[in-house]
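Here is a short tour of a structure, written for someone who likes to check details against coordinates. Have the model open as you read.

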Amino acid sequence: MLRYVALRVLIALVLVWLVSTLVFLVLHLVPGDPAELLLSAGNTAPDPEAVAQLRSQMGLDRPVLAQYAAYIADLTHLDFGVSLRDQNPIAPELALRLPRTLELILAAAVIASLIGVPLGTLAAMRDGGWSEKLVSLLASAALSTPVFVVGTTLVLVFAQWLGWISAGGYVPLAEDPLRHLSLLAMPAVTIALPLTAVMIRMTRASVLEVLEKDHVRTARAKGLARGPIIRRHVVRNALVPVITVLGLEMGTLIGGTVLVEYVFNWPGLSGYLVRAVEARDYPEVVGIVLVISFLFVLLNLLIDITYAVLDPRVKLAK
Amino acid sequence: MSPVIEALELTRNFPSRSGWVGAKRDVWALRGINLSISRGETVGVVGESGCGKSTLGNILLGLDSPTGGGVRFEGKYLHDFKGAHRRQMRKRMQLVFQDPFGSLDPRRSVGAQIADGLRNHDVVPAAEIPAEVARLLTLVGLAPSVAPRRPSQFSGGQRQRIAIARALAPRPDFIVADEPVSALDVSIQAQIVNLLADLREELDLAMLFISHDLHVVRHLCTRVVVMYLGRIVEEGPAEQIFTAPRHPYTQALLAATPSLKRPAGETGKVLDGELPSPANPPSGCAFRTRCALATGDCASAVPPLETVGPERRTACFHADLTAGQGGLQ
Amino acid sequence: MTRAQRSLYIWLGLAAVLIAFPLLAPVLPLQPTIGMDIPHRFAGPSAANWLGNDEYGRDVLSRIIWGARASLAVAFGSAFCAAVIGTILGLLGGYFRGITEVLAVRSTEIVICLPPLLLAMLVITILGAGVLTLTVALTILFVPNYTRVVYAATLQTGGLDFVKAQEAMGTHPLKILARTVLPNIVPPLLVQFSLTVASGILLESGLSFLGLGVVPPAPSWGLMIRAARAAMDQQPLLLLWPSLALAGTVLLLNVICDRLQDVLSPKTAARGGAAWLRRQIKRTPDAPAPEVPLLKIEDLSVGVALEQGSMGLTKGIAFEVKPGETMALVGESGSGKTLTGLAMTGLLPNALSVTGGHAWFRTEAGVVDLAALTEEEFGPLRGNDISMVFQDAAAALNPVHRIGDQLAEIIQCHRPMPKQQAEAEVVELLRKVGIPDPERRIRAYPFELSGGQRQRAMIAMAVANAPKLLIADEPTTALDPTIQAQILRLFAKLKEDNPGMGVIFVTHNLAVVKEIATHVSVMYAGQVVEQGTVEEVFADPRHPYTKALLASVPESDAERLESIPGTVPQPGAMPEGCRFAPRCGHAAAACAAPQPLLDTGEGRTTRCLRWADLWKDVA
Ligand SMILES: Nc1ncnc2c1ncn2[C@@H]1O[C@H](COP(=O)(O)OP(=O)(O)OP(=O)(O)O)[C@@H](O)[C@H]1O
Ligand code: SF4
Ligand code: SF4
Ligand SMILES: [Mg+2]
């Protein structure tokens, strides 16, 4: 097990490095000069002097390899440079906002698992029945409605019309725990909705598949009752592929936070990103993209480990 | 008579790691295999699963490359041929698979699949292809009118006939049949075994017949090699191997094979223990962990394959003790 | 056309109609999408403006139709470009492996480490917003998905025998890819395509919603929702229309994707999931229970429920097992051996059920009809009075639980006891079936055991509660010869230890029958055709099929094997009369009538009308 975890961590580190390199390459491989591109607005050519200044500020006048070395070296110190807009260092801002985004993601993942797995199991057990049809229909609808539509609708209904919760915002947990949670509820539910749908569909498919497996027949041949068979021999086995999908869906989930934080004014990383992109603040964008990608790699690492706990074949075979 | 195909000191190892950073281990699928097959000969290969039978077949056909040693086809080394030349060689050697359901492309008509071999190598002029396909189908006992049908419309036995027709299309000199009857029912199996026997006579083919069914091997093959963990442990004319086996493993294998002829109540001698992992075989004679005759010598050196009679070779230090034991009725 | 196909075409038709609107937008009589009409700001639906007017007084309907063009162009454009690039990379990587694989497949996987929306935003930061940028960004995003799918499918297809056959035939690798591999990966590719189009639409609208996608005043659904959000207290309907259009389109694509999957890879599992989870109707016994020593099967039939109605699979199975006897069921593939065994324990696959007959079985509480029990009623019998050993032990054991726990489960289920005591019993059991070092082995997972050991564990499970009847379905078929011999010996030993246990041993190997069984039922095409003690049946078969079967075993010294011409008839196409007639050398006119199981004396039966004629000469 330890060996397996060590290996996964190693792979995660390599991925982090590769992602950083990829981001660097994207920036340097696009045709044209980033400084020029960033400064050009509309069809007017940018002021050459400003371009030159920006180039030297961004270090673009140095050889590419030197830039790369400096870039990686800065990253190892978690130094993301300074913002172009206000010259503030980016790292502290990231450190402040990261936990808020993380909180949103975790809350959504928990909600989705708690609802998705039981509903998916139920749908599989009642396959073809009306309860399955209803659950599947709801899941399809949830999957097809973009998060920003859901979020905006929730704001319209619960904040504007009913006035139950405020439309958005953020209060630190330490300051007012209740208000914190009430503000967390809507964005977390919004992100959780499509994920729940995915979990339902996956769990249903996976449980249906496991139900066909020989070992379930063996469990019945032992004389076990339905309850223990479903719990010990069906759901337990069905979770393995569901976890894998959860990992694959992490990307969409994190992408969802971008929109949801914007809709609900949640001051996390992703809302910050939107403003950075709008302002085309290149160092900020790179910093946020990197941190979120690292987060993504980290979450997948956690999922790999869960996977090994659930399926003994994984850790021993690899 | 000069052999069609020869294996010279063939070894094949599949390096495997436990994980990305784990210790590297070699799985030796084949070790020092020497074998030659002449026209009109059918050599049976028997042994337990994982002992390297299919690997041997693939390497002889050039579908896999050996780690060491070489394969000579009509005196020329296969590894001297590359690219288009290699593909040219392929027409001389063909393969029949075990699974009659997986070996035909479900999306193409059986006629088209048989014709592939004819087209690839311009065996006959394009205009004569339909006639040739019809001839091949007749040869394997099917009606020529079935050519436009898809594989799904045939039973297992019929598919196996089609697969054989496809293998015969480029007019090969050498055929590897990898468990061609294992997936078939006894009554159908008999049809295919008869067909293979007829073809061997008619076309003067050299054939490697891989099977775990000793009765079928005995019936069809002229010569037999017995493999254990990547090595040949015994080799000789089929009838002699079955009536007078010399290697303790061959004897155990024959004893373990259920037989209708064995008098009721008398069960064969049962070999204890499991097949060791090919990644971690015992030192010396690989069979020593299960062998009743094993002594200290057996652990320290690998017994060489030595001649013990006309055309008979066996790899056992104590072959003198084994004469006259075992064998099938 | 199957139902799934019909459904797919209906949905595709609907999609085509909907796509026609934006495609035809330039020629449709739509109002302008740009320009202002301040007096009509936030006007509700009217005859002229069906869906009302937006915050600049522009017609919402025409903006929705025009807005679809942006979404669809970006989504289809990027999905298509990505499909082409990804397919090529995946095919090359999957087929050639080695360095090509690293370059083509592994490299694209780094992109997957970046959450999709982020990568798009990164590209937008550099290239600026706009339709073209979006298409480029989404193409980059989608390529890895296609590469992965195609790569996996190619690896899988490339390993198939028929691809290897092409290689062996000397076909050029590119030709193999195009002709043999590509058609086989089209199904997953199509599914992936519909998925990416849906995801493309979502991403495009999301970015436009953030103001980073389509540039105003060009219409786009995301932009419309963005604008409506700002004015939602004034005119909530403005939020509704683009949201409906967006969600509806994505839903339609998702439904098409599901239907596509149904059509392209039809599931073998019948709709309705596991039948045993549903409530079952109790069959009322239509005959009084006779006195039986252990098991007596009378006229048992099993059928499968199809869309067109029920189809018989086995018909009129009848035999008897007394305590201590071993009844071998022998016959060719598909003759109904497995089904007979499963029917005894109520474990028939989903669509299958017992359609007639009885299986009388003696329990402590009296004789019950196994053919009429419900899932609940079977509970106390299974694993206790009747137990089963399956052919494929690797699949029959649960891969995620330890061997010891799986064994303890069956003991504790029927004889509640503390965990420790159960564990001690498990160790004893494993020792009895010849698993070395059982104290440690109970902690092993099934995949850590060898094939032979797994089958031993399976057998240990079956005999854990000292059953009266043991049903073994080809327990040695998947094993190597020397291991097979060990397992057969283990069965012999178990029978010695439990002299009262009856065994039904399913096999297709006649020599194994001879080794293990006392009695044999020969099955053909869903029927028992001959029955008796092994010795007598083998020495003097009284049915032409049995005789032919024995002769086709390659153990004779004959130059050519006896083969039975033709093939076994398929269920649903069974001959009216004797089912063996089309292949029988002795068939006569009388054989066209259904054949009953005839008593031939000495406790033997045969389903051949002519047996007496045919065997007179021999006698
Ligand atoms: N789930 C199922 N749905 C429909 N038909 C089935 C199903 N299972 C089995 N059958 C059919 O029932 C018949 C008897 O099958 P069964 O599995 O009992 O044969 P068998 O004698 O055990 O064969 P084998 O030697 O291949 O194991 C066959 O025609 C088979 O195709
Ligand atoms: S060499 Fe030794 S161990 Fe090997 S088979 Fe001969 S006697 Fe047995
Ligand atoms: S009943 Fe007729 S057809 Fe059937 S086995 Fe007997 S002789 Fe042959
Ligand atoms: Mg079966």
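## A sheet, its helix and some salt bridges

Let's begin with one residue pair: Val302(C) has Val354(C), in strand 4 of chain C, as its bridge partner. Please keep in mind that this is a predicted model. The two strands involved, strand 1 (residues 295-306) and strand 4 (residues 352-363) of chain C, run antiparallel and are joined over eight bridges.

They belong to an open sheet of four strands in chain C, ordered 2-1-4-5, with antiparallel pairing. Strand 2 (309-321) and strand 5 (366-369) of chain C each have a single partner strand, so one side of each has no neighbour in the sheet. From one strand to the next, the twist averages 15°. Helix 10 (residues 337-344) of chain C packs on this sheet and touches strand 1, strand 2 and strand 4 of chain C; the direction of helix 10 makes about 110° with that of strand 1.

Now to the charged side chains. Over all chains, the whole structure holds 40 salt bridges.

| Lys468(C) | Asp385(C) | 2.7 Å |

Lys468(C) sits in the loop between helix 16 (451-463) and strand 7 (469-473) of chain C, and Asp385(C) in the loop between helix 11 (375-378) and strand 6 (386-389) of chain C, so the pair ties together parts 83 residues apart in sequence. Lys468(C) is partly exposed, at 23% relative accessible area, whereas Asp385(C) is buried at 10%.

In the second pair, Arg604(C) is buried, with 1% relative accessible area, while Asp540(C) is partly exposed at 27%. Which residues are joined into one network by salt bridges that share partners? They are Glu530(C), Asp540(C), Arg542(C), Glu602(C) and Arg604(C).

Phe21(C) lies in helix 1 (residues 3-24) of chain C and is partly exposed, at 40% relative accessibility. Together with Trp11(C), Leu14(C), Val17(C) and Leu18(C), Phe21(C) forms a nonpolar surface patch with about 440 Å² of accessible area.

Helix 1 (residues 53-60) of chain B is mostly covered, with seven of its eight residues buried; among them are Leu56(B), Ile59(B) and Leu60(B). After helix 1 of chain B comes Gly62(B), with a positive phi near 80°.

Methods:
Residues numbered from 1 in each chain as written. Chains lettered and ligands numbered in written order. Predicted model: local features only at pLDDT ≥ 70, side-chain atom pairs only at ≥ 80, totals over all residues. Heavy atoms only, no water. Pairing = 2+ DSSP bridges. Axes fitted to C-alpha atoms, helices over the stretch in contact; angles between N-to-C directions. Contact = heavy atoms within 4.5 Å. Patch = residues over 30% accessible without salt bridge, like charges linked within 9 Å, V, L, I, M, F, W, Y side chains within 5 Å. Areas by Shrake-Rupley, 256 points an atom, 1.4 Å probe, with all protein chains shown as cover. Salt bridge = Lys/Arg side-chain N within 4 Å of Asp/Glu carboxyl O. Buried < 20%, exposed > 50% of the residue type's maximum accessible area, 1.4 Å probe, protein only.
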